[in-house]
Amino acid sequence: MRNLNWLLVVFLLFSCVATHAENPKPVAAKPLYRDPVYDGAADPTVIWNPLLKRWWMFYTNRRANVADLTGVTWVHGTPIGIAESADNGATWKYVSTADIQLPPEFGGKDVTLWAPDVVLGDDHQWHMFLAVVPGIFPDWNHPRSIVHLTSTDLLKWRNAQPLTLATDRVIDPSIIRMSDHLWRMYYNDERHGKAIYYAESPDLNTWTDKGPAVGTKCEGPKAFRWQNKFWLIVDEWKGLAVYRSDDDGKTWSKQHDNLLATPGTGTDDQAKGGHPDVVISKDRAYLFYFTHPNRKDSDQMSDTTAHRRSSIQVVEMKFKDGWLTCDRDQPTQIDLIPPIAAN
């Protein structure tokens with residue numbers, strides 16, 4: 001009888017292994033997503049939509065394929081695109097642009113919208129924070145503010161409130177709930193050498209600026225917790241720099257090497273990675289980023305559709321020797337698990 005019991009245990013173990021091998025997590029598409037309207041998807045932020053039971057991706061929708069635009073006009077006049085995934089992050093399809101209602105002084109029909117971040121508040125509303133430029137311009141020398149909006153369906157965004165932060169040239173908000181229950185926003189302050197500054201709020205409505213967080217020249221911060229550490233990833237235009245904090249963001253240590261600094265080999269991934277989002281799914285961490293797949297260092301500012309266009313990619317991060325690594329050339333098996341609180 002004892003031998004039969006052992007045989008049963010061995011059989012069950014092999015059955016579990018075989019079932020797992022037969023049902024691996026789906027492999028993420030490469031590229032993960034290209035915008036079908038302007039072909040300029042960038043600056044992704046990914047959130048679970050419990051109303052539709054889909055993962056949604058908000059992104060800056062640069063007008064990469066629009067002809068006869070001078071200077072950096074194509075990076076202005078940009079709506080916020082929405083894509084969705086019905087297979088837990090492996091493939092994505094276009095939904096629409098976000099219905100964002102702003103007062104006329106923000107630029108009217110010519111308003112420029114960049115790099116949103118979205119969180120679910122204690123009031124059971126979704127809160128969007130995004131950079132707003134009041135018009136379409138051929139250069140970078142114009143004000144930009146971070147504006148707060150709310151929504152009950154993740155599609156229509158209302159109640160616009162501009163935030164008072166360090167200066168009048170701030171972009172790229174990243175929102176995180178801290179251990180003391182305060183909300184913290186990391187953002188890029190262009191008037192202070194494109195350093196990362198931060199502000200805090202008890203309720204997502206009233207914000208107090210706290211000054212600099214990371215002094216390096218960069219943009220696109222993303223704050224998150226993983227492996228009992230507090231992390232900040234920023235875009236240095238030479239890959240993504242990684243900062244780790246062991247004291248809830250009071251002090252930071254910088255990782256020696258940047259993530260995604262070396263171009264990959266996959267489709268649309270043969271360029272440095274830019275402006276990321278991070279989704280933690282159980283014990284796994286997925287890094288969403290964008291590439292300009294046809295850009296080289298020598299012709300970065302060439303003004304053609306091929307050089308303007310951008311794609312979204314994803315790669316799984318690993319925790320090794322206290323720091324973060326990723327291998328963009330390995331297939332990324334992805335199965336995003338919806339957060340319990342959002343269901």
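Is Arg 284 buried or exposed? Arg 284 counts as buried, because its relative accessibility is 19% and the cut-off for buried is under 20%. I shall come back to this residue in a moment. Please bear in mind throughout that the model before you is a predicted one.

Let me begin with the backbone. Most residues other than glycine have a negative phi, and most peptide bonds are trans. Where does this chain contain a cis peptide bond? It joins Lys 30 and Pro 31, with omega at about 0°. On your display, Pro 31 can be found in the loop that runs between helix H1, residues 2–22, and strand S1, residues 41–49.

That loop between H1 and S1 also holds Asp 39. This residue is not a glycine, yet its phi is positive, near 60°. Asp 39 counts as buried, because its relative accessibility is 11%. Moving on into strand S1, we reach Asp 43. Here again phi is positive in a residue that is not a glycine, with a value of about 50°. Asp 43 is buried as well, its relative accessible area being 7%.

I turn now to the charged side chains. How many salt bridges does a search of the whole structure find? The search finds 23.

In the next pair, a salt bridge brings together Asp 269 and Arg 328, at 2.8 Å from N to O. Asp 269 counts as buried, at 0% relative accessibility. Arg 328 is likewise buried, with a relative accessible area of 6%.

The remaining pair returns us to the opening question. Arg 284 forms a salt bridge with Glu 316, at 2.7 Å from N to O. Glu 316 lies in strand S20 and Arg 284 in strand S19 (residues 284–291), so their bridge ties together parts that are 32 residues apart in sequence. Glu 316 counts as buried at 12% relative accessibility, and Arg 284 counts as buried at 19%.

Beyond these pairs, salt bridges that share partners join Arg 144, Arg 169, Glu 190, Lys 194 and Glu 219 into one network.

Finally, consider Lys 217, in the loop between strand S13 (208–214) and strand S14 (219–226). Is this residue buried or exposed? Lys 217 counts as exposed, because its relative accessibility is 56% and the cut-off for exposed is over 50%. Which residues does Lys 217 contact, leaving aside its neighbours within four places in sequence? They are Gly 193, Lys 194, Glu 236 and Trp 237. Lys 217 and Glu 190 are 27 residues apart in sequence, and their C-alpha atoms are 9.1 Å apart in space.

How values were computed: Residues numbered from 1 in each chain as written. Predicted model: local features only at pLDDT ≥ 70, side-chain atom pairs only at ≥ 80, totals over all residues. Heavy atoms only, no water. Helix = DSSP H or I, 4+ residues; strand = E, 2+ residues; numbered from the N terminus. Buried < 20%, exposed > 50% of the residue type's maximum accessible area, 1.4 Å probe, protein only. Salt bridge = Lys/Arg side-chain N within 4 Å of Asp/Glu carboxyl O. Contact = heavy atoms within 4.5 Å.
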